[in-house]
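Trainee: I'd like to learn how to read a protein model feature by feature. Could you walk me through one?

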Amino acid sequence: MASGESFYVTTPIFYVNDVPHIGHAYAEVAADVLARWHRQRGDDTWFLTGTDEHGQKIMRSAVANGMTPREWADKLVDGAWKPMLKTLNLSNDDFIRTTEERHETRVQKFLTHLNDAGYIYEDEFEALYCVGCEEFKPDNEIVDGEGQYEGQKVCAIHSKPLELMAERNYFFKLSDFQQRLLDFYEANPTFVQPQSARNEVVSFVRSGLHDLSISRTSFDWGVRVPWDDAHIVYVWVDALLNYITAVGYGDDDGNFDRRWPANHIVGKDIIRFHAVIWPAMLMAAGIEPPQRVFATGWLLVGGEKMSKSKLTGIEPSEITDTFGSDAFRYYFMRAIHLGQDGSFSWEDLHARYNSELANGLGNLASRVVAMVNKYFDGEIPAAASTHVDDLALLDLAKSAVAGAEDAIDRFAIDQTIAEVWRLVDALNQFITDQAPWQLAKDDSLRERLEGVLGTAVRGLGILAVLLHPIIPLASEKLWAAVGGEGELGEVRPDAALEWRSTGRIGELQALFPRIDQAD
């Protein structure tokens, strides 16, 4: 992607029925890394996240805690969800709440447009509903209950009894868009990713689409249907619209045209909402569908999907309080391939922290900085080396930059880090092979010592540029230590080899102090 192009990335907006866990944080960090990388490229970047605060699930959570839905939402947003942004060092440009007036009024404008265009009608409806999913369940997600729920129909995802709902609702003519969606998928093969998610979506649409109930009358916590205030808008329709209401749909055409279309990072369990219902709604309104819908896998703990109700939910601060936000970001982006299920364990986190961050990167940086201070009084050797070993290292750096750029465009963040870590490993091996501490003992090898440490410092600067979107705090420290000139965030990743130095090394505290298992 060329510098200056628009890049709009979103996370799902998360239900405020409980505090965030590391499964939520995983999606947040993935979107943040992509946003930071594109900003550093010079792209016109916008990163949106937020909270979904309407619907029956929120209302019941509030009642269970002796609060009104708005009081409950405010408590969770101010006390847990917004603080998570700081905990993870996120760079989001906006945080939208579906209870905000800017959202609610724009939702009503959108639905009025669809109603006026003839895509909405009223009818009777009866079906099994999952409050956990906030969804009328299709037949393939309804199973027979076991144990305490024997004899009942339960949700295949939540394993909780379904509720039979009978209401007179408004419907969106989703069935009208079956062929248009299939044609769109065919013309845009990268719209839904990864391939497994695309296959699921295409198969689902080919099996036949039914019109979608878009209003409820059995409770009143939500956005009012603009032409009939006895109805509230179905929470998923309300929630999906945040992606356009946050960037000015309905009353700020300039900003909307500047930002849209978006790249959505979503969980695989909500892929159908984002890749079927959402583009159909947009088509009905005459709006371009999203650029891409990328489904993450599930984050597993002990072989089970992250869940507070099953006591597998881990809050982000439980990790960051010990390891820090950079290590959190690095671990989840490195250890798990975005788009596949991944397992978290404390043992793996601890092992990767010490071996890859403390030893691999941190020790490398400390050694190089210390040797330049010791052997050259902090002056970085300026002469460009033409030694074959130095040139080979820089060739590898060029390859790593190209590989990282390619991987980030595919949202393969783990592969981006793997490319950068090729340079980390190569620099460590370079220092071992060249043994500058030995060169320093022989004045006749002074020029070679200059070449080795000059090349090593150049390599550290490249690492600071490439790792800045992933581990921003440590990268800024490294940038200062190698005398980086200008703002690190303004050095394009594809120009990492051309970074400029002030010519002097600074002091560097340990980037990632070792953490003993007992800690």
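Predicted model: local features only at pLDDT ≥ 70, side-chain atom pairs only at ≥ 80, totals over all residues.

Trainee: Let's begin with sheets. In what order do the 4 strands of the open sheet lie, and what is the pairing sense?

Mentor: The general idea is that strands in a sheet pair through backbone hydrogen bonds, in a parallel or antiparallel way. Here the order is β6-β5-β9-β11, with antiparallel pairing, and the sheet is open. At its edges are β6 (135-136) and β11 (212-213); each has a single partner strand, so one side of each lacks a neighbour in the sheet.

Trainee: How many bridges join β5 to β9?

Mentor: There are 10 bridges between β5 and β9, and the two run antiparallel.

Trainee: Which strands are the edge strands of the 3-strand sheet?

Mentor: That sheet is open and antiparallel too, in the order β12-β14-β13. Its edge strands are β12 (215-216) and β13 (224-225), each pairing on one side only. Strand β14 (residues 228-233) is joined to β13 by 2 bridges, and Val225 faces Asp228 of β14.

Trainee: On to helices. At what angle do the axes of α6 and α10 cross?

Mentor: For a helix pair, look at the axis separation, the angle, the handedness and then the residues. Helix α6 (residues 195-206) and helix α10 (residues 271-284) have axes that come within 10 Å and cross at roughly 50°. That angle makes α6 oblique to α10. The crossing is right-handed.

Trainee: Which residues make the contact?

Mentor: From α6 you have Ala197, Glu200, Val201, Phe204 and Val205, and from α10 Ile271, Arg272, Ala275 and Val276. Sorted by class, the contact of α6 with α10 has 7 nonpolar, 2 charged and no polar residues.

Trainee: What about record annotations? Where does UniProt place the "binding site" feature?

Mentor: Take the positions from the record, then check where they fall in the model. An unreviewed UniProt entry places "binding site" at Cys130, Cys133, Cys155 and His158. These residues are spread over 29 residues of sequence, yet they cluster in space, with a largest C-alpha distance of 8.6 Å.

Trainee: Last topic, the backbone. Which peptide bond is cis with omega near -5°?

Mentor: As a rule, most peptide bonds are trans, and most residues other than glycine have a negative phi. The bond from Gln193 to Pro194 is cis, with omega near -5°, and Pro194 is in the loop between β10 (192-193) and α6. Another cis bond joins Trp260 and Pro261, with omega about 10°; Pro261 is in the loop between α9 (253-259) and β15 (263-267).

Trainee: Which residue has a positive phi although it is not a glycine?

Mentor: Asn89 does, with phi of about 55°. You'll find Asn89 in the loop between α3 (69-87) and β4 (94-97).

Terms used:
Residues numbered from 1 in each chain as written. Heavy atoms only, no water. Pairing = 2+ DSSP bridges. Axes fitted to C-alpha atoms, helices over the stretch in contact; angles between N-to-C directions. Parallel < 35°, antiparallel > 145°, perpendicular 65-115°, else oblique. Left-handed = near helix turned anticlockwise from the far one by under 90°. Contact = heavy atoms within 4.5 Å. Nonpolar A, V, L, I, M, F, W, Y, C, P; charged D, E, K, R; others polar. UniProt positions renumbered as here; feature names shortened; annotations may be inferred.
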